[in-house]
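Colleague: Could you take me through the helix packing in this structure?

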Amino acid sequence: MMKYDTKHVGKNIRTARKKKNLTLEVLSGLAGVTDSFLGMVERGASSLSIENLIAICDVLDVTPDSLLMEGRGNDPRPSDKCDTLHTMLKNAADDELDFYINFVKLCRGSGKFK
(Lines give C-alpha, C1' and ligand atoms only; values in the text may rest on other atoms or scores of the structure.)
Protein backbone atom coordinates (compact mmCIF):
# COMPACT_ATOMS: atom_id res chain seq x y z
CA MET A 1 0.00 0.00 0.00
CA MET A 2 1.27 3.46 -0.92
CA LYS A 3 1.59 5.96 1.92
CA TYR A 4 0.22 9.50 1.59
CA ASP A 5 3.28 11.74 1.51
CA THR A 6 2.31 15.26 2.61
CA LYS A 7 5.71 16.73 1.69
CA HIS A 8 5.51 15.29 -1.81
CA VAL A 9 1.96 16.55 -2.38
CA GLY A 10 2.85 19.99 -1.00
CA LYS A 11 5.86 20.23 -3.32
CA ASN A 12 3.68 19.33 -6.30
CA ILE A 13 1.10 21.95 -5.33
CA ARG A 14 3.80 24.60 -5.00
CA THR A 15 5.28 23.64 -8.39
CA ALA A 16 1.86 23.75 -10.10
CA ARG A 17 1.03 27.07 -8.41
CA LYS A 18 4.26 28.68 -9.56
CA LYS A 19 3.78 27.26 -13.06
CA LYS A 20 0.46 29.17 -13.16
CA ASN A 21 2.18 32.29 -11.76
CA LEU A 22 -0.14 32.39 -8.77
CA THR A 23 0.80 33.62 -5.34
CA LEU A 24 -0.05 31.53 -2.32
CA GLU A 25 -2.61 34.16 -1.31
CA VAL A 26 -4.34 34.14 -4.71
CA LEU A 27 -4.51 30.34 -4.92
CA SER A 28 -5.80 30.03 -1.37
CA GLY A 29 -8.49 32.64 -2.01
CA LEU A 30 -9.65 31.00 -5.24
CA ALA A 31 -9.62 27.53 -3.65
CA GLY A 32 -11.49 28.69 -0.53
CA VAL A 33 -8.79 27.91 2.03
CA THR A 34 -6.70 30.22 4.17
CA ASP A 35 -3.23 31.18 2.99
CA SER A 36 -1.72 29.95 6.26
CA PHE A 37 -3.32 26.52 5.77
CA LEU A 38 -2.15 26.34 2.15
CA GLY A 39 1.35 27.32 3.28
CA MET A 40 1.32 24.45 5.75
CA VAL A 41 0.15 22.08 3.01
CA GLU A 42 2.92 23.23 0.66
CA ARG A 43 5.50 22.65 3.40
CA GLY A 44 4.08 19.18 4.08
CA ALA A 45 3.00 20.10 7.59
CA SER A 46 -0.69 19.47 6.91
CA SER A 47 -2.74 17.18 4.72
CA LEU A 48 -5.71 17.98 2.50
CA SER A 49 -9.29 16.82 2.56
CA ILE A 50 -10.68 15.49 -0.71
CA GLU A 51 -12.78 18.65 -1.04
CA ASN A 52 -9.76 20.94 -0.65
CA LEU A 53 -7.68 18.81 -3.02
CA ILE A 54 -10.36 19.06 -5.70
CA ALA A 55 -10.77 22.81 -5.17
CA ILE A 56 -7.02 23.35 -5.55
CA CYS A 57 -6.91 21.11 -8.63
CA ASP A 58 -9.76 23.07 -10.22
CA VAL A 59 -7.94 26.37 -9.72
CA LEU A 60 -4.61 24.97 -10.93
CA ASP A 61 -6.29 23.06 -13.80
CA VAL A 62 -4.51 19.83 -12.88
CA THR A 63 -5.72 16.37 -11.97
CA PRO A 64 -5.60 15.08 -8.40
CA ASP A 65 -3.37 12.19 -9.48
CA SER A 66 -0.80 14.64 -10.81
CA LEU A 67 -0.51 16.24 -7.36
CA LEU A 68 -0.59 12.93 -5.51
CA MET A 69 1.64 10.83 -7.77
CA GLU A 70 3.85 12.97 -10.01
CA GLY A 71 7.52 12.63 -9.24
CA ARG A 72 7.17 9.49 -7.13
CA GLY A 73 9.08 7.47 -9.69
CA ASN A 74 6.20 5.07 -10.25
CA ASP A 75 3.91 7.23 -12.37
CA PRO A 76 3.41 5.17 -15.54
CA ARG A 77 2.06 8.09 -17.53
CA PRO A 78 3.89 11.28 -18.49
CA SER A 79 2.06 14.05 -16.65
CA ASP A 80 2.23 16.48 -19.55
CA LYS A 81 0.21 14.08 -21.73
CA CYS A 82 -2.34 13.54 -18.97
CA ASP A 83 -2.59 17.28 -18.34
CA THR A 84 -3.06 17.94 -22.07
CA LEU A 85 -5.78 15.31 -22.32
CA HIS A 86 -7.45 16.57 -19.15
CA THR A 87 -7.54 20.13 -20.51
CA MET A 88 -8.92 18.97 -23.86
CA LEU A 89 -11.69 16.98 -22.21
CA LYS A 90 -12.48 19.66 -19.66
CA ASN A 91 -12.96 22.25 -22.41
CA ALA A 92 -14.77 19.98 -24.90
CA ALA A 93 -18.36 20.45 -26.00
CA ASP A 94 -20.78 17.53 -25.60
CA ASP A 95 -20.52 16.50 -29.26
CA GLU A 96 -16.71 16.52 -29.00
CA LEU A 97 -16.87 14.33 -25.88
CA ASP A 98 -19.14 11.89 -27.72
CA PHE A 99 -16.62 11.77 -30.58
CA TYR A 100 -13.69 11.15 -28.21
CA ILE A 101 -15.56 8.39 -26.38
CA ASN A 102 -16.56 6.67 -29.62
CA PHE A 103 -13.02 6.99 -31.00
CA VAL A 104 -11.48 5.39 -27.92
CA LYS A 105 -14.07 2.60 -27.99
CA LEU A 106 -13.30 2.00 -31.65
CA CYS A 107 -9.54 1.91 -31.04
CA ARG A 108 -9.82 -0.40 -28.06
CA GLY A 109 -12.26 -2.64 -29.92
CA SER A 110 -9.77 -3.08 -32.75
CA GLY A 111 -7.33 -4.70 -30.32
CA LYS A 112 -4.62 -2.19 -31.17
CA PHE A 113 -4.70 -0.43 -27.77
CA LYS A 114 -5.62 -3.19 -25.35
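Predicted model: local features only at pLDDT ≥ 70, side-chain atom pairs only at ≥ 80, totals over all residues.

Colleague: At what angle do α2 and α3 pack?

Modeller: Helix α2 (residues 24-31) packs against helix α3 (residues 35-43) at about 110°, with the axes 9 Å apart. The two are therefore roughly perpendicular, a term for angles of 65 to 115 degrees. Helices here are DSSP runs (H or I, at least four residues) numbered from the N terminus, and axes are lines fitted to C-alpha atoms over the stretch in contact, with angles running from 0 to 180 degrees between N-to-C directions.

Colleague: Which residues meet there?

Modeller: From α2, Leu 24, Glu 25, Leu 27 and Ser 28 meet Asp 35, Leu 38, Gly 39 and Glu 42 of α3; contact means heavy atoms within 4.5 Å. By class, these are 3 nonpolar, 2 polar and 3 charged residues. Asp, Glu, Lys and Arg count as charged, Ala, Val, Leu, Ile, Met, Phe, Trp, Tyr, Cys and Pro as nonpolar, and the others, Gly among them, as polar.

Colleague: And how do α1 and α3 cross?

Modeller: Their axes come within 6 Å and cross at roughly 115°. The contact of α1 with α3 has 3 nonpolar, 2 polar and 6 charged residues.

Colleague: Turning to α4, which of its residues are buried?

Modeller: In α4 (residues 50-60), Leu 53, Ile 56, Cys 57 and Leu 60 are buried, that is, under 20% relative accessible area with a 1.4 Å probe, protein chains only. Their directions from the helix axis to the C-beta atoms fall within an arc of 100°, so they line one face of α4. The face turned away carries Glu 51 and Asp 58, which are exposed (over 50%).

Colleague: What covers the buried residues of α4?

Modeller: The cover includes α1 (6-19), α2, α3 and α5 (64-69).

Colleague: Is Thr 63 buried or exposed?

Modeller: Thr 63 counts as buried because its relative accessibility is 11%. Thr 63 lies in the loop between α4 and α5.

Colleague: What does its side chain contact?

Modeller: The side chain of Thr 63 makes a polar contact with that of Asp 65 at 2.5 Å; such a contact is a pair of N or O atoms within 3.5 Å, one able to donate a hydrogen and the other to accept it. Leaving aside residues up to four places away in sequence, Thr 63 touches Cys 57, Asp 83 and His 86.

How values were computed
Residues numbered from 1 in each chain as written. Heavy atoms only, no water. Parallel < 35°, antiparallel > 145°, perpendicular 65-115°, else oblique.
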